[in-house]
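Here's a quick briefing to read alongside the model. Take a look at the structure first, then work through the notes below.

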Amino acid sequence: MNGMKKNGLRARSHASWLAFFLHRVSGVLLTIFLPFHFWTLGLALESEAALDTALKWYEHPLFKIGEWLLVFLLAAHALGGLRLLLLEFSPWRGLRPDMISAGVASAAAVSIVFLIAALG
């Protein structure tokens with residue numbers, strides 16, 4: 001029984017499990033974000049004043065951090081999905097930790113560029 005726990009912890013520290021976890025968590029968080037996004041878009045149809053009120057809330061620094069996190073999650077989810085498609089439909093085999101590293105680094109780079117543009 002102890003061997004199973006030890007192996008389970010070792011598996012969860014592997015890059016492919018971390019990529020799996022990031023892909024699932026980013027998907028769930030993006031799904032939670034969508035109703036709020038649609039609600040804001042609905043305000044635009046309601047009235048200009050209603051949309052302006054919501055947009056003023058979104059100027060708060062906490063929302064700016066949320067936007068940055070959203071961009072990171074979107075990039076990580078998209079690149080993780082692309083990695084899975086490449087593994088599924090390409091001749092490559094194995095876990096390809098280099099693709100995981102490249103995906104996370106690219107998602108971080110995209111989100112940092114967004115952050116710099118948002119602050120500037």
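E67 forms a salt bridge with K64, with 3.7 Å between the closest N and O atoms; a salt bridge here is a side-chain nitrogen of Lys or Arg within 4 Å of a carboxyl oxygen of Asp or Glu. This is a predicted model, so local features need pLDDT of at least 70 and side-chain atom pairs count only at pLDDT 80 or more, while totals for chains, interfaces and linings use all residues. Residues are numbered from 1 along each chain as its sequence is written, and side-chain values use heavy atoms, leaving out hydrogens and water.

**The salt bridge**
- A search of the whole structure turns up one salt bridge.
- E67 and K64 both sit in helix α4, three residues apart, or about one turn of the helix; helices are DSSP runs (H or I, at least four residues), numbered from the N terminus.
- E67 is partly exposed at 30% relative accessible area, and K64 is partly exposed at 32% (buried is under 20%, exposed over 50%, partly exposed in between, with a 1.4 Å probe and protein chains only).

**Helix α4**
- Helix α4 covers residues 61-89, and its 29 residues reach 42 Å from first C-alpha to last, close to the 42 Å expected at 1.5 Å a residue (1.5 Å times one less than the number of residues).
- Its buried residues include V71, F72, L73 and L87.
- The buried residues of α4 pack against α2 (15-46) and α5 (97-119), contact meaning heavy atoms within 4.5 Å.

**L29**
- L29 lies in helix α2.
- With 38% relative accessibility, L29 counts as partly exposed.

Methods. Helices (H or I, at least four residues) and strands (E, at least two) are DSSP runs, numbered from the N terminus.
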